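Let's take a look at what holds a protein chain together. Have the sequence and the 3D view ready as you read.

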Amino acid sequence: MKKALLAFSVVIGGLVTHSDAFAQRELMGAFYQMQMAPTVCGWKDAPSAAKLDATIAAQEQALRITAAEKATMRAAAEAEIRADATNCADDGVLRMMFNEAVK
């Protein structure tokens, strides 16, 4: 649990600090993973991701992410989720990050 909260804090902290836009774009992959996880992992009991979707849309606009960049990042995010079966575990880090992001 502590690791999940730490990981989530790092992701959020990276987006809200005044760091390089490149680093912020790299962090979008983690948000795309959280956004795609319920579908990719088949989580039937996942809460609504409306808040997460709004956060992602705002970040995409602020970072001026193009449709091609978004498609590339989403494909990479999905590949990362599928690469390790533990990513979809109900008690895994990705699920904890998702649950925190949609609160």
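Which handedness does the disulfide of Cys41 and Cys88 have, and why? The torsion about its S-S bond is about -70°, so this disulfide is left-handed. Keep in mind that what you're looking at is a predicted model.

**The disulfide**

There is one disulfide in the structure. Its two sulfur atoms, from Cys41 and Cys88, sit 2.0 Å apart. The pair ties together distant parts of the chain: Cys41 belongs to helix H2, while Cys88 lies in the loop between H4 and H5, 47 residues apart. Are these two cysteines buried or exposed? Cys41 has a relative accessibility of 17%, so it counts as buried. Cys88 comes out at 22%, which makes it partly exposed. The line between the two classes is drawn at 20%.

**The nonpolar core**

Now turn to the inside. The largest nonpolar core contains 22 residues, and those with the most contacts within it are Met28, Tyr32, Met34, Leu52 and Phe98. Four elements each supply two or more residues to this core: helix H2 (21–41), helix H3 (50–63), helix H4 (67–83) and helix H5 (93–101). Which helix gives the most? That's H2, with eight residues.

**The salt bridges**

Side chains of opposite charge can pair when their charged atoms come close. A search of the whole structure turns up six salt bridges. Here are some of them:

| Pair | Closest N to O |
|---|---|
| Arg25 and Glu69 | 2.8 Å |
| Arg95 and Asp90 | 3.5 Å |

Let's go through them by pair. Arg25 and Glu69 form a salt bridge. This pair joins distant parts of the chain, with Arg25 in helix H2 and Glu69 in helix H4, 44 residues apart. Arg25 is partly exposed at 21% relative accessibility, and Glu69 is partly exposed at 30%.

Lys70 counts as partly exposed at 31%, but Glu60 is buried at 13%.

Finally, Arg95 pairs with Asp90. Arg95 is buried, with 6% relative accessibility, whereas Asp90 is exposed at 58%. Which residues make up a network of salt bridges here? Asp45, Asp90 and Arg95 are linked in one.

Terms used: Residues are numbered from 1 along each chain as its sequence is written. This is a predicted model: local features need pLDDT of at least 70, side-chain atom pairs count only at pLDDT 80 or more; totals for chains, interfaces and linings use all residues. Side-chain values use heavy atoms; hydrogens and water are left out. A nonpolar core is a set of buried Ala, Val, Leu, Ile, Met, Phe, Trp, Tyr and Cys residues joined through side-chain atoms within 4.5 Å. Buried means under 20% relative accessible area, exposed over 50%, partly exposed in between (1.4 Å probe, protein chains only). A disulfide is a pair of cysteine sulfur atoms within 2.5 Å. A salt bridge is a side-chain nitrogen of Lys or Arg within 4 Å of a carboxyl oxygen of Asp or Glu.
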